[in-house]
Amino acid sequence: METEGHAEAVTAPISNDEILLGRYEAVRSLSELICRPLEVDDYQIQSIPETSPPKWHLAHVSWFFETFLLAEFIPGYRAFHPRFGYLFNSYYYGVGVMHPRPKRGLLSRPSLEQVFDYRRHVDHWMRELLATTDKRLWPELVRRVTLGLNHEQQHQELLLMDIKHNFFVNPLRPAYREDLAAGSSGAPPIEWLECPGGLYEIGAGDAGFAFDNERPRHRQLLQDHCLGSRLVTNAEYLEFMQDGGYREPGLWLSDGWAMINERGWKHPLYWEPSEDGWQEFTLGGLRPLNPHQPVCHLSYYEADAYARWSGRRLPQEAELELALASRSPEKGHYLESDLLHPQPAAAAGQWYGDLWNWTASPYSAYPGFRPLNGAMGEYNGKFMSNQMVLRGGCCVTPADHIRASYRNFYYPHDRWPFTGLRLAGDL
């Protein structure tokens, strides 16, 4: 998507204005905290069309609140700047045209100081709005603020993904943070979770927050299958490479084979050979490749080719949702773990966090899907074409943002997100 139709899962309706305001301020503060290690020049970089400058992210999430809350609920509200709607709209054609996405990095103005002024302006008026005494507005305010906070959390994840790629294209290979710890524990053997086939319910229920693409809950028929208890590691993927995996056309989908030859892919993004072996670029800088950590930043094509080479397959999204639904999301590595890189699996398995799991499921509508009304209906539904679903969250996902029914989605050639590989098989 932006790729952005991917921020925090609220498990119950918020009815108290102080609680909602506190949640608003916490999420908004975290976005600025993520950017604190950056130098002024770093806010301007856009390394590829898929990424966005950090400055743009900070302004865009503010534009979302200004457009879908302040402008609609505050009589006579005046926008902070008459052209910011054009600059910081992402893809909502229902509210107007927008600046071309590939050219976001060309905008030296507004300055970073003006962007932070914009955020303060929006925050001031949001506090005024949430202090309203007209409680008839409250249910719709809660719905929209909750969506806006989830949206901003998605951009917190995107911020770190984009910053990583922005720094990677710099020959100096600068670190986003020098103080990030590196994992060192070993990965346990893969265990195979056997799952009987049958008619199962998947998707989000009516209670609590979920994006519109997670609903409605519906039945789906599954065959007997098994799932790997952890993600594929760097060492295991290296075996695929050494066995000629990138040179064997029989392992690749046609589009994938064309892609790796056109772009010269011979290894995962961020891997670099050196005299001492492979190195991997991380948000903590260039490090020796840890063989026990999950292999990350794979395209769908690479994940699919590895699965075929291993004699397995990628899981269906419904298969993964059933496995996730029976496990606690609390054990994974998320943004709050402050590692910002996937870690070796624990002995009990690795189901949530660390890396988004590619699935074999195309991103499409569930039976009975209904998008949100108005321009907000563009959030997810219009991207249901030519993309693949991912599940489970990653090491830069806010912990309270993930749930079993969460559907992320990317194009099959995308590699800059924190994407990984879990194997599945038929019984």
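**Exercise 1.** Is Glu272 buried or exposed, and which residue forms a salt bridge with Glu272?

*Solution.* Start with accessibility: Glu272 has a relative accessible area of 17%. Buried means under 20%, exposed over 50%, and partly exposed in between (1.4 Å probe, protein chains only), so Glu272 is buried. Next, apply the salt-bridge rule: a side-chain nitrogen of Lys or Arg within 4 Å of a carboxyl oxygen of Asp or Glu. Arg173 meets this rule with Glu272, the closest N and O atoms being 2.6 Å apart. Arg173 is partly exposed, at 24%.

A word on the ground rules: this is a predicted model, where local features need pLDDT of at least 70, side-chain atom pairs count only at pLDDT 80 or more, and totals for chains, interfaces and linings use all residues. Residues are numbered from 1 along each chain as its sequence is written, and side-chain values use heavy atoms, with hydrogens and water left out.

**Exercise 2.** Where does the charged end of Arg407 sit?

*Solution.* The test asks for NZ of Lys or CZ of Arg within 6 Å of the ring centre and within 35 degrees of the ring normal. Arg407 passes: its charged end sits over the ring of Tyr366, 4.1 Å from the centre.
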